[in-house]
Amino acid sequence: MAAVTGKNTKGTLRVLVAGGGVAGPALAFWLTRAGHRVTVVERFPALRASGAQVDLRGQGIEAVARMGLLDAVRGRLVDEAGVAFVDSRGRPKATIMANTSGKGRQTLTSEYEIMRGDLVRILHDATKDDAEYVFGKSVDGFDQDERRVTAHFSDGTSGEYDLLVGADGQGSRIRRALLPPGFDPYWRVGMHMAYWFVPRIATDTTVRDTYMAPGGRQIMRRSHNATETQVYFVLREDSAEASAIHRAPVERQRRFWADRFHDAGWQTRRFVEGMEASPFFYSQEVAQVRTGTWSRGRVVLAGDAAHCASPYSGMGVSGGLVGAYVLAGEINRRAHDLPTALARYDRVLRPFVDAVQAEANPRILRVGLPMSRHAISAFQNATALACFLRIPDLVARLSKEDRGGAWTLPAYADARAA
Ligand SMILES: Cc1cc2nc3c(=O)[nH]c(=O)nc-3n(C[C@H](O)[C@H](O)[C@H](O)COP(=O)(O)OP(=O)(O)OC[C@H]3O[C@@H](n4cnc5c(N)ncnc54)[C@H](O)[C@@H]3O)c2cc1C
């Protein structure tokens, strides 16, 4: 195959980004600043500014700071004081407060908690004047040769670009077309979660409640504004039915979750009753995306499509922002030599991704979903003792690094705060 150069006569690239979530717009931010022409195609008919609470950590906070968007993010933060492990009457058995000392690393609660929808809106606002956004259209496939990539869209049209970026999330179609047939990129461990909103009531405080029920079931409750409370159901189950349910019609998904939790206790009835009327419902398998390849020719993956660390990692959004920063940085540095830019993207980012994925190992996270009442008591007692000894607080304050290890964001010439 002849060398892929990827530069048009003006030295700028025509880039198509599939996916207008977090990684796609972040990439558009940096690429348009270097003068590249970027089109973001989003499958959803409008900006998909939905989702629950996400946290920004470590290198993700730095990536936002370099975009000059930290103040915008600070203006939308959710006030979460900490995490309490409660019993079936809602009494806290142990509470881990957020690390607000400004030193060390975050505890279970980050100092930068924000609703996904607010972050998506901030990124869209920062890019909508420089990048072209097309909603209600998906990238269904592509062909490429050494001079261009041709993207095929859901409306039957096609377009030619210098580069196609698959920022199309955990279930990425671009990734499927990029990897060898039959390759399974998912690292599954039999954990599932669903989340939705219910009306907030007076006893819903700013501390996140976590409740464990026998059978590997966990319920989390957290409140992000005066009227709404988020509910998360987490389930440990290895069945094929559980793995398939996330692709079933929403009505069946809701029935699955109501059925699995009907005897879980605590506030289950309130939460299940509120599920029907919720303006938002999302159900997914807790899985990591692991693949040794992020690019082929003129097609490259970014964000969850490349390296989803799982929604349980606390690093999905940070990983997407950091990955987009590195990918754009390498492209902007070597727009005339895409093969080298994409190879360097892999080489520079991979150690960060490996560290994040290892730390968020879902096999270890399963330990937090005990099966028996006895194991739940043992877990709560151990957590209570650790909190009494202030271990989580001390570990957080004394740690030098957040998730992602000692890896730091590289410096790119045009990556100054705006
Ligand atoms: C609706 C939604 C809610 C979420 N809620 C949470 C949450 O509460 N907590 C959490 O930790 N993480 C959540 N996530 C995942 C989180 O956003 C990601 O882990 C992280 O931000 C990385 O972002 P991403 O841009 O790679 O992927 P995503 O944010 O998933 O964005 C991918 C985008 O690509 C679009 N898309 C998919 N296929 C195509 C295609 N073929 N062509 C064009 N567009 C396509 C999707 O509609 C989506 O907007 C949610 C994701 C979505 C889509």
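Entry 1: Helices (H or I, at least four residues) and strands (E, at least two) are DSSP runs, numbered from the N terminus. The model is predicted, so I note that local features need pLDDT of at least 70 and side-chain atom pairs pLDDT 80 or more, while totals for chains, interfaces and linings use all residues. Residues are numbered from 1 along each chain as its sequence is written, and side-chain values use heavy atoms, without hydrogens and water.

I then read the shell by class: ten residues are nonpolar, eight polar and six charged. In this scheme Ala, Val, Leu, Ile, Met, Phe, Trp, Tyr, Cys and Pro are nonpolar, Asp, Glu, Lys and Arg charged, and the others, Gly among them, polar. Of the 24 residues around the ligand (a heavy atom within 4 Å), Ala23, Glu42, Ala52, Arg116 and Asp304 come nearest.

**Entry 2: oxygen atoms of the ligand.** I recorded a polar side-chain atom of Glu42 at 2.6 Å from a ligand oxygen, and one of Asp304 at 2.6 Å from a ligand oxygen. A polar backbone atom of Val22 lies 2.9 Å from an oxygen of the ligand. The protein covers 93% of the 910 Å² of accessible area (Shrake-Rupley, 1.4 Å probe) that the ligand has on its own.

**Entry 3: helix α1.** Gly35, which follows α1, has a positive phi near 95°.

Notes:
A polar contact is a pair of N or O atoms within 3.5 Å; within protein, one must be able to donate a hydrogen and the other to accept it, and residues adjacent in sequence count only if both atoms are side-chain atoms.
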